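Visitor: Could you walk me through how the chains of this model meet?
Guide: Gladly; let us have a look together.

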There are 4 protein chains.
Amino acid sequence: MRVRDDTKINTIFEATTALTSEVGLNRLTMSSIAQRAKMACGTLYIYFDSKERLLNELYMHLFVGSTLSILPSIGHLPLKKQLSIIWSKVLWFRVTNSSEVIFMHQFRYSVYASEETHKLDDQFVGFIKNLLGQGKEELIIKNIDSDLIIPLFYGYANNLARQMAMDEVEITDEIIDQTFHLCWDAIKS
Amino acid sequence: MRVRDDTKINTIFEATTALTSEVGLNRLTMSSIAQRAKMACGTLYIYFDSKERLLNELYMHLFVGSTLSILPSIGHLPLKKQLSIIWSKVLWFRVTNSSEVIFMHQFRYSVYASEETHKLDDQFVGFIKNLLGQGKEELIIKNIDSDLIIPLFYGYANNLARQMAMDEVEITDEIIDQTFHLCWDAIKS
Amino acid sequence: MRVRDDTKINTIFEATTALTSEVGLNRLTMSSIAQRAKMACGTLYIYFDSKERLLNELYMHLFVGSTLSILPSIGHLPLKKQLSIIWSKVLWFRVTNSSEVIFMHQFRYSVYASEETHKLDDQFVGFIKNLLGQGKEELIIKNIDSDLIIPLFYGYANNLARQMAMDEVEITDEIIDQTFHLCWDAIKS
Amino acid sequence: MRVRDDTKINTIFEATTALTSEVGLNRLTMSSIAQRAKMACGTLYIYFDSKERLLNELYMHLFVGSTLSILPSIGHLPLKKQLSIIWSKVLWFRVTNSSEVIFMHQFRYSVYASEETHKLDDQFVGFIKNLLGQGKEELIIKNIDSDLIIPLFYGYANNLARQMAMDEVEITDEIIDQTFHLCWDAIKS
DNA sequence: GATGAATGAGTTTTCATTCAT
DNA sequence: CATGAATGAAAACTCATTCAT
């Protein structure tokens, strides 16, 4: 019997991200994914119930891999260090995986994004909110509603990465440093 | 084609923004636009060559109305004041026109966005870049590559507005003040 | 403007019945209907929401045309005469519209048949039940549960018509007479 | 192919009849049969060349089991008795095996039914025709073309059984008696 | 024999665009 | 100009059948 091959899921994911970054989410079709992944159209449906599920699972996979996975391991570090690590991690991922970022960006606000997916984001946002709350108590960070601060990090990271990907600028530690300092100066009290 | 009947064009634009914010760009169809605008499907093609043109013209219309239009009139003011006015203007527009912002956001990186449209953005970015260059010469602003600064403003504004629209938070002068100060603290030298 | 052409619905109905009798309900596709009706595939969806609706509306159309339409006009006649007219009407229709009957037969118990459609049948059955009830009161008809009698008429008519259509036997008044007498002898008291 | 493993074949047959009565012939898929029969999709093809063959063999199996098998053993009985036994046998089978009857009914006139299958029916019909011929010679039965009589039995039995199955009415000897008398009164001279 | 993953032709349905009125 | 019926290519998804294990 042909064994169910879990690397196939990765092949599908790769084909999907690559195609989305090339032609956009709107022109992404199941048959084009299949063609790119070198398998039959029907095979996609063995691994995913529908196009919607495929995209949602890909998003969750990327989101977990890019950000959620580091959160637990840095809880003991000082606040600024934690933020700086997250910033670096997020930026590195975003810049070195430009196709993936383009996919995430287009998917994020598309009709395909499910409740479940949005909750992942909330989880991340919740963590950051917590961090900022701490910082405010310690009087390190300006006493401003976190909902006004988070979009700065979030929007800046997204936009910066997208811009760099489009201009084909390579990321350096210096750039990460500089941009993090902008953020830090913005929020430090 | 394209006779000036601004009433009709506005009706089409309003229908398009409203629908996009309700069902998303992916599910936006020409006949749904026509239906919402209370006209026939074919009438849309009297005013716009194609769906792509319609969307691009709408984007340009919104972009000019929301930002580009203020730029010339404030050139004589001091740097920080100029930035603050632009910030306020942009944010007000984004928050008080949430449908429009959702449309712009979804359209901005979609397959529909043409070269021409991207150049509009560049025009705006060029203006800001200029401003920042001035600031750096006057040693008011950190000496950092403007391409690293602009995404902060751009991304922050976009994200903040989208978040506020979704949470149905009302904008106040205080919020504009607070958020602008975050930005300013980030870049001031 | 092209005017919405209601004869088109008949064209579609005819194509559908003809095709069903030729290839069966299972191989009946929307594109084959469109092709046979000499119109585009999408045109079908202007007149019918879905394949299911098309089939249901066709069934109702045929059912009403073939049986339901005569019921009201014969209420004043004596019982046996009424039954005999219905029998004749049903049989004539079934035999002279063999494609239609094949469609109705295949559709009747298919997955496509909706609640609404079944209710039509009930309406007809209800009428006959009433008639039989009268007959029993007048002691003309055997005092047997109507649910045991109706399938005789219903099943016999269906089967006889189908058989005659397949054997390409022509119907005659004599045949109608003979077969009705079988039925009548079966139920008369 | 087609090794005799009757246990497995029966499992497949049961799964097929059950599923057909639940979802209809149109939604009956090979993989759903396999799933219900708790075996792999490919296994079905060890026992049957194709879906069409499977269905035809099932029909023949049911037909033989339900009717054909009794014919030889009653040839010596008087005409009315023979008919009455067949009626009883047929009705009992149809009512106590409602899934099977639904399958037979849906299959009977579907695209899947092969020549071979139709010949089975002819065999049964031929036997009955013979019987009726006898009856006419003995002047017990009306002198009417048998092709006009058989559909009465055939259609009545089918329809009655289907109706009772749907209404979940239990069959009794009384019902069999009553309905047979209807038939007999119809044809007796 | 048995499995079930893989195939890909075929199905229903959508929708940007055209065009007769 | 305005209409909206008509078009047909293309999309998502299904499923009988094959085949590597």
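**Where chain D meets chain C**

Guide: Across the interface of chain D and chain C there are 4 residue pairs in polar contact, both residues at pLDDT 80 or more (N or O atoms within 3.5 Å; within protein, one able to donate a hydrogen and the other to accept it, with residues adjacent in sequence counting only if both atoms are side-chain atoms). This is a predicted model, where local features need pLDDT of at least 70, side-chain atom pairs count only at pLDDT 80 or more, and totals for chains, interfaces and linings use all residues. Residues are numbered from 1 along each chain as its sequence is written, chains are lettered from A and ligands numbered from 1 in the order written, and side-chain values use heavy atoms, without hydrogens and water.

Visitor: Which residue of chain D forms a salt bridge with Asp185(C)?
Guide: A salt bridge here is a side-chain nitrogen of Lys or Arg within 4 Å of a carboxyl oxygen of Asp or Glu. The rule finds 2 of them between chain D and chain C. In the one with Asp185(C), the closest N and O atoms are 2.3 Å apart, and the partner is Lys142(D).

Visitor: How much area do chain D and chain C bury between them?
Guide: Buried area is the accessible area (1.4 Å probe) that two parts lose on being put together, summed over both. Of the area buried here, 64% is on carbon and sulfur atoms, and the total is about 3000 Å².

Visitor: How many residues does chain D give to the contact with chain C?
Guide: Contact means heavy atoms within 4.5 Å. Chain C gives 31 residues, and chain D gives 31 residues.
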